Amino acid sequence: MNNEKLNIVWIKRDLRTQDHKALFEAEKSDLPYIIIYLIEPSITSYKDTSQRHLQFVYHSILKMNDCLSIYNRKVEILYAEAYEAFSYFTEQYDINTVFSYQESGIDITYTRDKKIKKLFHERNIEWKEYQRDGVIRGINNRMGWDEAWKITMNSPIIKNVFSPSNTSNLQHPFLLPSSIKHSLEKYNRNLQPAGEDNAWKYLKSFAQDRGKNYHKFISKPLASRKSCGRISPYLSWGNISIKQTYQFVNNHPNKAIYGRAFSGILTRLKWHCHFIQKFESESEYEYQCVNQGFEGLHYSNNNKFLEAWKTGQTGFPLIDASMRCLIATGWINFRMRAMLVSFLCHHLDQDWRRGVFHLANLFLDYEPGIHYTQFQMQAGTTGVNTVRIYNPVKQSIDHDPEGEFIKKWVPELNDIPKRYIHEPWTMTRLDLAFNGIESINYPDPIINLKERGKAARLKIYSHRKTEEVQKEKNRILVLHTRNNTSKAI
Ligand SMILES: Cc1cc2nc3c(=O)[nH]c(=O)nc-3n(C[C@H](O)[C@H](O)[C@H](O)COP(=O)(O)OP(=O)(O)OC[C@H]3O[C@@H](n4cnc5c(N)ncnc54)[C@H](O)[C@@H]3O)c2cc1C
């Protein structure tokens, strides 16, 4: 054992160097400290994680290290289970304190944290975990939550400064295998670029100009790509904090001009924390219906339909364009996300669990706390929110009237005239011939939309009335709303 006294900063979903409480407190303490990020095989091989997430994390760390290198500091990436790594460090060094943010994660990270807590306790190590954004640990209702959120958002932003490190190079046996390192070094340029500097670029360009039509275009699959904040991957992986984002938008001079747009995004920053708060209270939402009264609902779960949905081959142009765009770029807007889930669970009659990891893998901004609860809201299994069954043809006519988004992602339909782009199957042979089209190399719709929509409405609305759902509804309202009787937020 090396008798050197040491503190550790454990980076999780907080991949930034500013407004960082754990780094700040480590600096303040008298002891030298190291900064680590753990790539834990048992966690990264879980079905919610994809290569694009890991690459985003890796490149975010490289950006952090660009900032830290002048202080002779870096985020050390360790390829190890947390238990293994911390056991090693506690045997090799005299570890005093571990600083990190609280993580509102899925079951496996929660179980890991409990195991680590026990280890630290046994070895007399203090673990200081700080509140992440506006998410409060250990509450069992929402009394005072809104007020607390506001206070947090308006509290001073931490200005991190770093002292030069004298600690020699950290020796450990957890080097990232070179094959994994190579695979992480690659980055798909069609995805948003990682890192703190890019988070600020996106946020600044939103406030400067891009966001002026935020509220007008939020549901448009094409226009929203420019007018939405596009800050979700940065918030999800912590390249920027909610507080930094909130204060930047709220104090921006353009707020006076683009008031409606700015208040729209500020509200959603609160939703971000609100959804994670739900998950913090009940992380079972990853695999269990929010309203357990829906566990008894039967689905036909057709594999062919599922595969067509996953690959963008359903024969419904806006559904397929959205899925293919997501596969290629890692982002689609809220309305298209909601429509994809609604189509899967209602029209295709699939249990939400059959699609939830597919989208988690594709979203570059995958955030467990938002993802599972949002997915279930759209699947209709919360029992407290209004069920919306989106008609993909109507969505297409309303939000992509010219079919521009569709044609970009479903090029098989490039020659189809505008009046048929939302329902290409309605073209007769004569219509095809008249438009000089020999045939369309695009699947026919895999279901009858009208019949399936009607059946789905009947199924979900009648199940909502059952005793089990109603009983659960009251429990959910107590846990997630302010006055226990109001609608869920
Ligand atoms: C089925 C489904 C799954 C989703 N999964 C995720 C996810 O894994 N990660 C994620 O960040 N968002 C998720 N969302 C919410 C939302 O679609 C995205 O946050 C938003 O599209 C991100 O784009 P943006 O940064 O341009 O958002 P903006 O509209 O510019 O909003 C700014 C920020 O507010 C937050 N926000 C916006 N809308 C919502 C919302 N409805 N609920 C909660 N927070 C919101 C996000 O952090 C977002 O980055 C999901 C929505 C649905 C319907």
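A polar contact is a pair of N or O atoms within 3.5 Å; within protein, one atom must be able to donate a hydrogen and the other to accept it, and residues adjacent in sequence count only if both atoms are side-chain atoms. By this criterion, twelve residue pairs are in polar contact between domain 1 and domain 3, both residues of each pair being at pLDDT 80 or more.

The model is predicted: local features need pLDDT of at least 70, side-chain atom pairs count only at pLDDT 80 or more, and totals for chains, interfaces and linings use all residues. Residues are numbered from 1 along each chain as its sequence is written, and side-chain values use heavy atoms, with hydrogens and water left out.

**Domains and their interface**

The protein is divided into domain 1 (5–130), domain 2 (133–157 + 197–280) and domain 3 (285–480), with bounds from an automatic or database domain assignment. The C-alpha centres of domain 1 and domain 3 are 38 Å apart. Contact (heavy atoms within 4.5 Å) involves twelve residues of domain 1 and 15 residues of domain 3. Between them the two domains bury about 1,200 Å², 49% of it on carbon and sulfur atoms; buried area is the accessible area (1.4 Å probe) that two parts lose on being put together, summed over both.

A salt bridge is a side-chain nitrogen of Lys or Arg within 4 Å of a carboxyl oxygen of Asp or Glu. The structure holds 27 salt bridges, and the count between domain 1 and domain 3 is one. Glu367 and Arg13 form a salt bridge through their side chains, at 3.7 Å from N to O. Glu367 lies in the loop between helix 17 (356–362) and helix 18 (368–379), and Arg13 in the loop between strand 1 (5–11) and helix 1 (21–28), 354 residues apart. Helices (H or I, at least four residues) and strands (E, at least two) are DSSP runs, numbered from the N terminus.

**Ligand surroundings**

The ligand is surrounded by 28 residues, of which the closest are Tyr214, Gly229, Arg230, His272 and Asp365; a residue counts as near if one of its heavy atoms lies within 4 Å.

| Residue | Protein atom | Ligand atom | Distance |
|---|---|---|---|
| Arg268 | backbone N or O | oxygen | 3.3 Å |
| His272 | polar side-chain atom | oxygen | 2.8 Å |
| Asp365 | backbone N or O | nitrogen | 2.9 Å |
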